[in-house]
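Reader: I have a model open and want to learn how to read it. Can you take me through a few features?

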Amino acid sequence: EVELKLSPGVQAFADQRLFLRAIENLLRNAVKYADGKVRLEFTKEGGQICVAVHDDGPGIPQDMRDKVLLPFYRLEADRGREMGGFGLGLAIVRRITERHRGQLLIDTSPLGGASVVTKWSSAIE
């Protein structure tokens, strides 16, 4: 189950191709590890647009959150190999958000799993 929460008037100033790639990577990860529920949220906070992806999966332990942003890093060998992938998804998202002078934050989701929030410049107001 994928739920979308979109605040009215939310527009990001970003390269469309890279923005979509980043969001797609976040959604793929969430769907891959979720037990059954994913939430995609677009909100505006001050001069930034926040795109948050929440899931109800196992989450990312606090001490591993910086490491999962490194290329080719997987939390557990069996978790990554059984599920496929190369450990590049979050590294790519981080690089894209940094290229847009944004940021990526990992936390615990209100759904119980992982929460990955990207922050982007808002469109001209």
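Author: We will go through the sheet, then an aromatic pair, then the salt bridges. Keep in mind that this is a predicted model.

Reader: Let's start with the sheet. How many strands does the open sheet have, and in what order?

Author: The general idea comes first. Strands of a sheet pair through backbone hydrogen bonds, in either a parallel or an antiparallel sense. Here, five strands form an open sheet. Their order is E1-E2-E3-E5-E4, and the pairing is mixed.

Reader: Which strands are the edge strands?

Author: Strand E1 (2-6) and strand E4 (103-108). Each of them pairs on one side only. From one strand to the next, the twist averages 15°.

Reader: In what sense do E4 and E5 pair, and over how many bridges?

Author: The sense is antiparallel, over six bridges.

Reader: Which strands does helix H3 lie across?

Author: Helix H3 (residues 89-99) lies across E4 and E5. The helix runs at about 135° to E4.

Reader: Now the aromatic rings. How many aromatic pairs does the structure hold?

Author: One. A pair of aromatic rings is described by two things: the distance of the centres and the angle of the planes. In this structure the rings belong to Phe19 and Trp120, with centres 4.8 Å apart and planes at 70°. Planes over 60 degrees apart count as edge-to-face, so the Phe19 and Trp120 pair is edge-to-face.

Reader: Which parts of the chain does that pair tie together?

Author: Phe19 sits in helix H1 (residues 16-33), and Trp120 sits in strand E5 (residues 114-121). The pair therefore ties together parts that are 101 residues apart in sequence.

Reader: Are Phe19 and Trp120 buried or exposed?

Author: Phe19 is buried, and Trp120 is too.

Reader: On to charges. How many salt bridges does a search of the whole structure find?

Author: Six. The general idea is that side chains of opposite charge can pair when their charged atoms come close. Among the six found here is the one between Arg39 and Glu3, at 3.2 Å from N to O. Arg39 lies in strand E2 (residues 38-45) and Glu3 in strand E1, so this pair ties together parts that are 36 residues apart in sequence.

Reader: Is Arg39 buried or exposed, and what is its relative accessible area?

Author: Arg39 is buried, at 13%. Glu3 counts as partly exposed, with 24% relative accessibility.

Reader: What about Arg28 and Glu24? How far apart are the closest N and O atoms?

Author: They are 2.4 Å apart, in a salt bridge. Arg28 and Glu24 are four residues apart in helix H1, so about one helical turn separates them. Arg28 counts as exposed, at 54% relative accessibility. Glu24 is partly exposed, with a relative accessible area of 37%.

Reader: Which residue does Asp107 meet in a salt bridge?

Author: Arg65, at 3.6 Å from N to O. Asp107 lies in strand E4, whereas Arg65 is in the loop between strand E3 (48-55) and helix H2 (77-83). This pair therefore ties together parts that are 42 residues apart in sequence. Asp107 is partly exposed, with 44% relative accessibility. Arg65 counts as buried, at 11%.

Reader: Which residues do salt bridges with shared partners join into one network?

Author: Glu3, Arg39 and Glu41.

Technical notes: Residues numbered from 1 in each chain as written. Predicted model: local features only at pLDDT ≥ 70, side-chain atom pairs only at ≥ 80, totals over all residues. Heavy atoms only, no water. Phe/Tyr/Trp six-rings, centres within 6.5 Å; stacked < 30°, edge-to-face > 60°. Helix = DSSP H or I, 4+ residues; strand = E, 2+ residues; numbered from the N terminus. Buried < 20%, exposed > 50% of the residue type's maximum accessible area, 1.4 Å probe, protein only. Pairing = 2+ DSSP bridges. Axes fitted to C-alpha atoms, helices over the stretch in contact; angles between N-to-C directions. Contact = heavy atoms within 4.5 Å. Salt bridge = Lys/Arg side-chain N within 4 Å of Asp/Glu carboxyl O.
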